[in-house]
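Biologist: I'd like to learn how to read charged pairs and pockets in a protein model. Can we go through one together?

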Amino acid sequence: MTESSPQKTILMEREGRVAILTVNRPDKLNALNDQVREDMLAALAEIEHDDGIGVVVLTGAGEKSFIAGADISEFAGRTPFDQREAMRSPRIFDVMGSFPKPVIAMINGFCLGGGCELASSCDLRIASDKARFGQPEINLGLIPGGGGTQRLPRLIGLGQTMRLVLTGDMIGAAEAKDIGLVELVFPHDELRTKTLELAQKMAGRSPLTLRVAKEAVRTAWKLPIEEGIAYERDLFCLCFSTADKEEGVAAFLEKRPAVWKGR
Ligand code: COA
């Protein structure tokens, strides 16, 4: 494993073809401030062009928190214009959602507000049994502003989103799994090992095919079913232009593991 810290508030580790991004403000429960957002975008831009990385895992530093939301201290005295500037594109939520490589949220504790929205933007959510989830903006006289009113209903439905957004209540990991907010829950001590096992498995697939597969599934959120099915057919046929399709099929027929070329 190699470790580097090219950005101040985001740590990046590599384990094989998996990059682990850690939001590193444990004393503030990894709240998202302007610096974190900027550093996260820079880290993602670096990873996007790194052919040695196939999958990204996002987590929070310390034992207590994934991300406890936007940094509330930055809201005090802010004007709408200041806030609009702080929310200018590109936004981490959108970049995460359309990132060309799979992104897994490894949720190790509080997953609140913008943290829950960021997790909702990822492709998969794997949580510690100690994790707590919520959209508590209502307690601040605010509403979710990172996609919580739009992505969350697509994940967990309108009613469950209403419950979280209108009450500001927190729920535990088991309930989050019940309502589809997370896909997997593990005992806290096993979270990293289990998440990395799954990430390494994905990262061992053809990077090109992973990209197309992710795009196809993501499209289900965007297009009516008939258009989505037609788009899937086109992407399926596009795979027939790749060396990796020939390799995958040949490997099956020759009863050997495939050696992906990424083209
Ligand atoms: N923004 C800024 N600072 C935050 C923060 C946030 N979203 N969440 C936690 N912190 C800070 C606390 O102010 C505290 O800092 P301090 O030690 O300098 O006082 C530190 O992180 C530890 O948090 P603390 O509240 O003492 O921990 P706790 O275990 O008692 O409570 C929470 C944990 C998550 C319940 C509580 O911190 C909380 O409600 N945070 C806000 C969550 C939120 O509303 N997020 C949505 C924002 S839009």
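Biologist: How many salt bridges does the count come to here?

Modeller: Start with the general idea: side chains of opposite charge can pair when their charged atoms come close. This is a predicted model, and in it the count comes to 18 salt bridges.

Biologist: Which residue does D71 meet in a salt bridge?

Modeller: D71 pairs with R25, at 2.9 Å from N to O. The two are 46 residues apart, with D71 in the loop between β5 and α2 and R25 in the loop between β3 and α1.

Biologist: Is D71 buried or exposed?

Modeller: Buried means under 20% relative accessible area. D71 has 8%, so it counts as buried, and R25 is buried too, at 15%.

Biologist: What about E183 and R125, what do their side chains do?

Modeller: They meet in a salt bridge, 3.3 Å from N to O. E183 sits in the loop between α7 and β11 and R125 in strand β8, so this pair ties together parts 58 residues apart in sequence. E183 is partly exposed at 30%, whereas R125 is buried at 4%.

Biologist: Which residues are linked in a network of salt bridges?

Modeller: D34, R37, E74 and R78 are. Within that group, R78 and E74 meet at 3.6 Å, N to O.

Biologist: Now the pocket: how much space lies in the largest one?

Modeller: About 860 Å³. It is lined by 39 residues, and R37 is among the closest to its centre. By class, the lining has 20 nonpolar, 9 polar and 10 charged residues. Helix α1 gives the most to that lining, with 4 residues.

How values were computed
Residues are numbered from 1 along each chain as its sequence is written. This is a predicted model: local features need pLDDT of at least 70, side-chain atom pairs count only at pLDDT 80 or more; totals for chains, interfaces and linings use all residues. Side-chain values use heavy atoms; hydrogens and water are left out. On a 1 Å grid over the protein atoms alone, a cavity is a set of points where a 1.4 Å probe fits but cannot get out, and a pocket is an open set with protein on both sides within 12 Å along at least five of seven lines; lining residues have an atom within 4 Å of a point. Grid points are joined across faces, edges and corners, and a volume is the space filled by probe spheres set on the points. Ala, Val, Leu, Ile, Met, Phe, Trp, Tyr, Cys and Pro count as nonpolar, Asp, Glu, Lys and Arg as charged, and the others, Gly among them, as polar. A salt bridge is a side-chain nitrogen of Lys or Arg within 4 Å of a carboxyl oxygen of Asp or Glu. Buried means under 20% relative accessible area, exposed over 50%, partly exposed in between (1.4 Å probe, protein chains only).
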